[in-house]
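Open the model in your viewer and keep the selection panel at hand. The stops below go through helices, peptide bonds and backbone angles.

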Amino acid sequence: MENGSSTARWCFRGNEAMTTESVSTIRGVLTEIYRNINEADPRPIIPLGHGDPSAFPCFRTTPIAEDAVADAVRSAKFNGYASTVGILPARRAISEYLSKDLPYKLSPDDIYLTLGCNQAIEVVLAVLARPNANILLPRPGFPTYEARAAFNRLEVRHFDLLPEKGWEVDLDTVEALADKNTVAMVIINPGNPCGNIFTYEHLKKVAETVRKLGILVIADEVYHHLAFGSNPFVPMGVFASIAPVITVGSISKRWVVPGWRLGWLVTNDPNGILQEYGIVDCIKAYLNISPDPATFIQGAVPQILEKTKDDFFSKIVDILRQDADIFYSRIKEIPCITCPSKPEGCMFVMVKLNQTLLEDIKDDFDFCVKLAKEESVIVLPGVTVGLKNWLRITFAAEPSSLEDGLARVKAFCQRHVKKQ
Ligand SMILES: *Cc1c(COP(=O)(O)O)cnc(C)c1O
């Protein structure tokens, strides 16, 4: 046998749309930052980089949800394959749960179960990716959308979220960016990475803008109801009679169980436009060839949604509010970091780094690497979510850990501040 490399010509290549140069992900960047942790530091690592507080004892999910999963497994009713859109009792429970916040009633047929919100994003972008199509994404945003768009060769155009306006969408740029090949715009509310909540009036303007443009809204509401400021959470589906809305969500964040991988895609479409334009058929076709969430998790959904008590939800929101208060007062004590507005929802906040005040810190990435090395605190460089020389900080932590982490950030900045 000859050794192939010198004589054979191979026709395959890695898909260039999937290389790390074309796609940056939060997980990829955080892995790089974690590599700088100093093993000799006896202090615990404070993870303020990602949005999974499930390891903190105060964020443990409700026993109702744990029992629901155990009951579903023990019932032996959920050992088989599920239907590709998800089992009916789960879709019915989700339609009733979401309809509570809407002026009309969703049907179980509007609900598709997915492997977390993540797979719902995968489905919707794959379904919309026709040749030459483009999609409008927020900046700063959630890089899974950019990565998914790249995999599907869907052109991305960014509109800005405006820090001076509480991170509202710059609707003038949205109109300027769109053309006849634009298919959708994405909004994330409650906002990752900005920690903002869009008002009713602003969401209505979003709906009127997309109607004018003839596109649909993809509303990422994975943080639904995690709101603790002056604006209440309003689902985008409220405005679905103005323009069709595809909502993506999951139990991952509200129940603090991202590992359970149960999400949904919802067609909020009282006028039947998504059906008429072939979107619904494409969603079903895509799900026919996709893996499904584990059937016993689907089986647990009715109990989880129907039996979880309000006191669990308010406990989680109260901790997040307390964390946001701690965050906002501590961050004000750090001159090289400014926070344009106090977070009102979600688990994250964007803060601006004034690295000109710092010695030997090149940029946001350099800041995060050195912070990990010297203080064992992990935060995400803003460049990962589209804003260079900003930082995305997770405040969803045990309050005492958050205090500890922010004290270390302060000490780090004091040590690196330029001496006159
Ligand atoms: C966490 C997150 C997701 C993914 O949710 P899963 O249910 O864990 O798949 C999607 N969108 C945003 C904005 C998120 O922060």
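**Stop one: helix α1**

Select residues 26-34, helix α1; its buried residues are Ile 26, Val 29, Leu 30 and Ile 33. Now look down the axis of α1. The buried residues fall within an arc of 100°, so they line one face of the helix. The general rule behind such a pattern: an α-helix has 3.6 residues a turn, so residues three or four places apart point the same way. Keep in mind that this is a predicted model.

**Stop two: helix α13**

Move to residues 399-416, helix α13. Its 18 residues should span 26 Å at 1.5 Å a residue. The end C-alpha atoms are 26 Å apart, so the helix agrees with that expectation.

Show the side chains next. The buried residues of α13 are Pro 399, Ser 401, Leu 402, Gly 405, Leu 406, Arg 408, Val 409, Phe 412, Cys 413 and His 416. What covers them? The cover includes the helices α11 (310-331) and α12. It also includes the strands β1 (46-47), β10 (337-338), β12 and β14.

Most peptide bonds are trans. Here are two cis ones to select.

- Arg 139 and Pro 140: a cis peptide bond joins them, with omega about 0°. Pro 140 sits in the loop between β3 (134-139) and α5 (144-151).
- Asn 192 to Pro 193: this peptide bond is cis too, and omega is near 15°. Look for Pro 193 in the loop between β6 (182-188) and α7 (200-213).

**Stop four: positive phi**

Most residues other than glycine have a negative phi. Two residues to check against that rule follow.

Select Ala 76, in the loop between α2 (63-74) and α3 (88-99). Ala 76 is not a glycine, yet its phi is positive, about 60°. Is Ala 76 buried or exposed? Its relative accessibility is 53%, so Ala 76 counts as exposed; the cut-off for exposed is over 50%.

Finish at Asn 389, in the loop between β13 and β14. Asn 389 also has a positive phi, about 65°, without being a glycine. Its relative accessibility is 15%, so Asn 389 counts as buried; buried means under 20%.

Key. Residues numbered from 1 in each chain as written. Predicted model: local features only at pLDDT ≥ 70, side-chain atom pairs only at ≥ 80, totals over all residues. Heavy atoms only, no water. Buried < 20%, exposed > 50% of the residue type's maximum accessible area, 1.4 Å probe, protein only. Helix = DSSP H or I, 4+ residues; strand = E, 2+ residues; numbered from the N terminus. Arc of directions from axis to C-beta. Expected span 1.5 Å × (residues − 1). Contact = heavy atoms within 4.5 Å.
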